[in-house]
Amino acid sequence: MNFSELAENIGLEEDEFVELVELFVETSTSHLERLQSAIDKGNTQQAVEAAHYVKGAAGNLGFTGIYDLSKAIEEKARQNIFEGASEALKAIRDRYDQIVEVLRWKKS
Amino acid sequence: MSEITKDGDQTIVKPGQDVVAAMAEEFKNELRPLAKEGPKELVIDLEGVEMVDSVGIGVLIATHNSVSKSDGKFIVINVSKNIYGLFKTMRLDQHFKVMMVEG
Amino acid sequence: MEEKLNLTILIVDDSSVSVSLLETVLLKEGYQVITANSGPRARKLAVEKRPDLIILDIMMPEEDGFEVITRLKKNARTASIPVVFLTGKDDLEDKLSGFNLGAVDYITKPFQVAEVLARVRLHLKLSIATNSLITSQTNKLRQLEKAQTSMLTTPEQLPKANFSVYYSTFLEAGGDFYDVFQISEDMFGYFVVDVSGHDIATSYITAAIKALLKQNCNPIYQPQESMRMINDVLVEILSDTTYLTACYAKLNRKKKTLTIVNAGHPPVIYLPKKGEPRLIDVDGDILGMFKEVYYGQQDIKVSPGDRFFLYSDGLIEKPALKKVWSECLPEVLEACSNIKDTPTQGLALELACLMIDKTCKPEDDIVVLGVEV
């Protein structure tokens, strides 16, 4: 995950990009939790909303992995399908943790 | 002042001196009626001309604009290397034909 | 700053990441930005602040984008503000509904920054044209009776522009002139103009151009477009033998870019903090002579401490030696490499001193602008 490359893609300086990533991490935490509980309870409306939110934020910053995974969850949830959602969410969390790690490293 | 020759539809004007502010007014007065005649080609021969300034260039371009209005062609020939460089920098060669002196 | 064109954009999206990203990008371009993350808040801001453009997300909880547009259009105070909405890739129905409700355009998410900027510019231009800002320009110019007074911006008047200037005229009235102006918080414009000839009448032209610059050099127009618009007006008002050459450099200290447009004028000299000076060659037609014109544009990355120079040909041309200015560029480049250690305030004077031959009487106006990033 090359932050400076991602920053350049959207025409920002790396430090501006890092600020946005921090915002992303902050706001995504609660949405990922809501997504988890939505999947556990089978609540499609909640799952769609939460996945949509994470998808949007990730897409804007160029985190294509998270974007694709959230998109998949959202689309399936719209059709009331939760198959594979847990796995997809786990994959999102892994990537999310990676981002948090990179942030920590950048700030040290 | 300038040497003027007419060959059918073509008029050739040779100022024979630097095309600068000092002679610009007179030069303009020579060129105006020639452009109005609506020649197919109005040629300015810059043989022996070593220097042009902004006033001189203004007269040349005004003449080109006038000639173009009656669908004529405006051509500048025998342009010294340095003046050619200036004309190119100012993109004048994109508006009318400019020919550098041979050799 | 009487005529500075201040453009405000309202961003509406429930995703704070989207809002933040768009806000950062638009601020860098020189726009003012206000934000809302819900429909009700957006409508309140729109009424209060009357933004010039609204970027609106469709999918928002509670009040969605469609409801927001509908209500905006019903309110006379906000009905004429152009709305561009943000929509997901495959939502054709969304797009059609949006258009039917009065949106002017859509941008698909995830968005490309360049696309957002292009659409913003386009719709601001259209909106402004509809409000006949441009047609009033020529009217204002015709009312200009006062000849140029000494309205040349001094470094002390605009310290944030960080420049120095050397200005000497051949005649009282002067033909060449310069202008330095602030476009937005971190964007400054530097303009040098050379008027052909030394007519007294050129002082009217100076005032006219200052007005044109204020109208046409703002965030929504690319410098090359600004130059074209200035040419369009000048072709109408200048005499048939009068033309201008000009050089316009727009510095965005936030984005750290320098954008240069050149109208048949000597090239900008860029002197990086570390490195040798070089010419920035940009093609462009002279102003005021041709109806069909072309202006190139170059964007270069700059860093604090870098310097650049705009100047008129009077600085470098040597008529006594029968040398036109296009032949004299190597000399001025060398002079620039010798003033690397000069502080900003002395830059212009120093360069002028190095270039001017004190044994000859000056035959032309001389303008030098030295700017530090």
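**Entry 1: helix H3 of chain B**

Helices here are DSSP runs of at least four residues, numbered from the N terminus. With that settled, and keeping in mind that this is a predicted model, I looked up B:Ile83 and found it in helix H3 of chain B, residues 81-89. Is B:Ile83 buried or exposed? I read 1% relative accessibility for B:Ile83, so it counts as buried, the cut-off being under 20%.

Next I asked which residues B:Ile83 touches, leaving out those up to four places away in sequence. I found B:Val49, B:Glu50, B:Met51 and B:Val52.

**Entry 2: chain B as a whole**

Chain B has 3 helices and 5 strands, and I read their order from the N terminus as β-β-α-β-α-β-α-β. Of its 103 residues, 45% are buried. I then took the contacts in chain B with a separation of 6 or more, and 64% of them join residues 24 or more positions apart.

**Entry 3: where chain B meets chain C**

I counted 22 residues of chain C in contact with 22 residues of chain B. The size of an interface is often given as the accessible area lost when the parts come together, and I noted that value next. Chain C and chain B bury about 1900 Å² between them, with 63% of it on carbon and sulfur atoms.

How many salt bridges are there between chain C and chain B? I found 2. One of them pairs B:Arg91 with C:Asp283, and their closest N and O atoms are 3.8 Å apart. I also noted 5 residue pairs in polar contact across this interface, both partners at pLDDT 80 or more. The side of chain C that touches chain B divides into 8 nonpolar, 6 polar and 8 charged residues.

**Entry 4: where chain A meets chain C**

Here I found 17 residues from chain A in contact with 17 residues from chain C. The two chains bury about 1600 Å² between them, 61% of it on carbon and sulfur atoms. Which residues of chain A lose the most area to chain C? They are A:Leu20, A:Tyr53 and A:Asn60, together 31% of what that side buries.

I counted 1 salt bridge between chain A and chain C. I looked up the pair C:Lys28 and A:Glu16, which form a salt bridge with their closest N and O atoms 3.0 Å apart. The interface of chain A and chain C also has 3 residue pairs in polar contact, both partners at pLDDT 80 or more.

On the chain A side, the elements giving two or more residues are helix H2 (14-41), helix H3 (44-61) and helix H4 (64-78). H3(A) gives the most, with 6 residues. By class, I noted 9 nonpolar, 5 polar and 3 charged residues on this side.

In soluble globular proteins, nonpolar side chains tend to be buried together. I went looking for such groups in this model. The largest nonpolar core has 105 residues, and those with the most contacts inside it are C:Tyr190, C:Phe308, C:Phe309, C:Leu315 and C:Leu351. Strand S8 of chain C, residues 187-195, gives the most to this core, with 7 residues.

Leaving out residues up to four places away in sequence, I found C:Phe308 touching C:Tyr190, and its other partners include C:Ala249, C:Leu258, C:Ile269, C:Leu369 and C:Val373. A second, separate core has 63 residues, among them A:Val18, A:Ala57, A:Phe63 and C:Leu86.

**Entry 5: salt bridges within chains**

In chain B, the side chains of B:Lys6 and B:Glu37 meet at 3.0 Å, N to O. B:Lys6 lies in strand S1 (residues 3-7) and B:Glu37 in the loop between helix H1 and strand S3, so the pair ties together parts that are 31 residues apart in sequence.

In chain C, C:Glu63 and C:Arg43 form a salt bridge at 2.9 Å. C:Glu63 is in the loop between strand S3 and helix H3, while C:Arg43 is in helix H2, so this pair ties together parts 20 residues apart in sequence. C:Glu63 counts as buried, at 8% relative accessibility. I also found C:Arg43, C:Glu63, C:Glu67 and C:Arg71 linked in a network of salt bridges.

Notes: Residues numbered from 1 in each chain as written. Chains lettered and ligands numbered in written order. Predicted model: local features only at pLDDT ≥ 70, side-chain atom pairs only at ≥ 80, totals over all residues. Heavy atoms only, no water. Contact = heavy atoms within 4.5 Å. Buried area = accessible area lost by both parts, 1.4 Å probe. Salt bridge = Lys/Arg side-chain N within 4 Å of Asp/Glu carboxyl O. Polar contact = N/O pair within 3.5 Å; in protein donor to acceptor, adjacent residues only side chain to side chain. Nonpolar A, V, L, I, M, F, W, Y, C, P; charged D, E, K, R; others polar. Core = buried A, V, L, I, M, F, W, Y, C linked by side-chain atoms within 4.5 Å. Buried < 20%, exposed > 50% of the residue type's maximum accessible area, 1.4 Å probe, protein only.
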